[in-house]
Amino acid sequence: MPGELDDIIALVDCPKCGTELRVTYKQIRLHQAAGCSCGALIRLEDDTRIGEVQALIDEANPMGGEND
Ligand SMILES: [Zn+2]
C-alpha cells in the first residue's frame with residue numbers, strides 16, 4: 001500500500017517567517033517544495049527533516065518493497 005506513506009507528515013519551519021508547516025510526504029514526493037502563506041517557497045529536498053521521513057518509510061518498508 002504505497003499510498004499509506006503519503007499520509008506521513010513532516011514539519012518544516014519556514015526560513016522566512018518561522019511558521020511551522022505541515023507537509024505530507026505526498027507533497028514532498030510530487031513537488032519537493034512547500035509554499036508558505038507568507039509567500040516563501042521552501043525546498044523540501046534540502047531540508048534535513050526529510051531524512052526523518054525517509055527513515056519512517058524505510059521502517060515501514062524495510063526490504064524496499066516486493067512488487068507483486
Ligand atoms: Zn513563511
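Below is a short chat about a predicted model of a protein chain.

Trainee: Hi! What should I know before I start?
Mentor: Residues are numbered from 1 along each chain as its sequence is written. The model is predicted, so local features need pLDDT of at least 70, side-chain atom pairs count only at pLDDT 80 or more, and totals for chains, interfaces and linings use all residues.

Trainee: What is the mean pLDDT of the protein chain?
Mentor: The mean is 79, and 76% of the residues reach 70 or more. pLDDT is the predictor's confidence in each residue, from 0 to 100.

Trainee: Which element has the lowest mean pLDDT?
Mentor: Helix H2 (residues 49–60), with 73, while strand E2 (residues 20–24) has the highest, 90. Helices (H or I, at least four residues) and strands (E, at least two) are DSSP runs, numbered from the N terminus.

Trainee: New topic: where does Asn 61 lie?
Mentor: Asn 61 is in the segment after H2.

Trainee: Why does Asn 61 count as partly exposed?
Mentor: Because it has 14 C-beta neighbours inside 10 Å. With C-beta atoms placed from the backbone, 20 or more others within 10 Å make a residue buried, 12 or fewer exposed, and anything in between partly exposed.

Trainee: How far apart are Asn 61 and Leu 5?
Mentor: They are 56 residues apart in sequence, and 9.5 Å apart in space, C-alpha to C-alpha.
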